[in-house]
Amino acid sequence: MTPYGKLAIFGAGGHAREVAFIAERCGVPPEAMAFVVEASYLRETELNGIEVHAIESGHCDGWPFVAAVGDPILKERAARLCMSHGMLAATLCDPSVELHRTVALSEGCILFPGAILTVNLILGAHVHLNVASSLSHDCRIGDYSILSPGTRLAGRVHVGSHVFIGIGASVVNGNADEPMTIGDNAFVAAGACVTGPVADGARVMGVPARAR
Ligand SMILES: CC(C)(COP(=O)(O)OP(=O)(O)OC[C@H]1O[C@@H](n2cnc3c(N)ncnc32)[C@H](O)[C@@H]1OP(=O)(O)O)[C@@H](O)C(=O)NCCC(=O)NCCS
């Protein structure tokens with residue numbers, strides 16, 4: 001997964017600065033990184049000692065990249081924009097992550113410090129696991145989904161694509177016949193406890209989680 005010669009980080013917000021921190025921990029020096037944003041969002045030329053460039057400048061064309069934006073839909077848009085500039089999705093896995101050999105990671109995944117992934121897991125493209133999130137056996141996470149800090153998935157939970165799970169949320173287990181499902185584009189609020197299936201596009205919150 002690492003090391004990279006260079007790394008472009010799409011975004012220049014708090015999340016992007018955190019991703020740069022993980023990249024440093026993975027052995028990428030700040031001078032080998034750049035933040036890239038669309039020209040209309042370019043505010044500064046340097047952040048935390050790392051250059052910031054407009055993607056339109058072509059400075060990072062062909063570089064490996066990660067999409068460091070905190071919204072699943074915008075994350076896909078960012079990834080597609082980077083790929084249109086000949087950039088290739090990289091995967092970042094913090095050295096502290098615990099991960100079994102039966103975990104399948106797709107391109108563009110970002111795994112933050114303290115994440116724990118046990119066995120027989122499948123993560124789609126550009127999935128983001130934030131600090132101290134944990135995934136138990138047989139979970140699946142769809143493309144561009146984001147798990148916030150402290151998210152806990154019990155065994156056999158199937159999360160769709162473009163799902164956002166808020167900080168500290170938990171999802172109880174499914175079983176071999178019937179995995180616990182969280183549909184595409186769903187939003188699970190901070191602190192929720194999901195005890196039943198969540199429909200595509202639903203927003204759920206509370207303990208137990210209910211659509212609101
Ligand atoms: C759900 C969320 C988006 C707030 O939505 P909102 O519609 O703006 O919420 P509001 O503050 O207007 O509150 C609306 C109602 O929902 C309730 N509510 C809001 N957030 C809630 C939550 N996380 N859990 C339970 N109830 C919540 C409020 O108490 C309020 O209830 P009321 O109508 O009975 O008074 C927000 O709480 C959340 O979970 N964001 C995720 C943040 C996160 O995890 N970030 C991680 C960054 S790494």
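In this predicted model, the side chain of Arg203 places an N or O atom 3.2 Å from an oxygen atom of the ligand.

Turning to the overall layout, the domain assignment divides the protein chain into domain 1, covering 7–90, and domain 2, covering 93–200. Their C-alpha centres are 24 Å apart. Where the two domains meet, 19 residues of domain 1 are in contact with 19 residues of domain 2. About 1,500 Å² is buried between domain 1 and domain 2, and carbon and sulfur atoms account for 69% of that area.

Polar links also cross this boundary. Three residue pairs are in polar contact between domain 1 and domain 2, counting pairs with both residues at pLDDT 80 or more. On the side of domain 1 that touches domain 2, at least two residues each are supplied by α1 (14–25), β5 (64–67) and α2 (72–84). The residues on this side of domain 1 comprise 12 nonpolar, two polar and five charged.

What about charge pairing? Side chains of opposite charge can pair when their charged atoms come close. Four salt bridges are counted in the model. One of the partners, Arg25, belongs to helix α1, while Asp94 sits in the loop between β7 (92–93) and β8 (98–99), so this pair ties together parts that are 69 residues apart in sequence. In the salt bridge between Arg25 and Asp94, the closest N and O atoms are 2.5 Å apart. Between domain 1 and domain 2, the count is one salt bridge.

Two points of backbone geometry in loops are also worth a look on the structure. The peptide bond leading from Val207 to Pro208 is cis, its omega being near -10°. Pro208 is placed in the loop that connects β24 (203–205) with β25 (210–211). The other point concerns Asp138, a residue other than glycine with a positive phi, near 65°. Asp138 occupies the loop between β14 (134–135) and β15 (140–141).

Terms used
Residues numbered from 1 in each chain as written. Predicted model: local features only at pLDDT ≥ 70, side-chain atom pairs only at ≥ 80, totals over all residues. Heavy atoms only, no water. Domains from an automatic or database assignment. Contact = heavy atoms within 4.5 Å. Buried area = accessible area lost by both parts, 1.4 Å probe. Salt bridge = Lys/Arg side-chain N within 4 Å of Asp/Glu carboxyl O. Polar contact = N/O pair within 3.5 Å; in protein donor to acceptor, adjacent residues only side chain to side chain. Helix = DSSP H or I, 4+ residues; strand = E, 2+ residues; numbered from the N terminus. Nonpolar A, V, L, I, M, F, W, Y, C, P; charged D, E, K, R; others polar.
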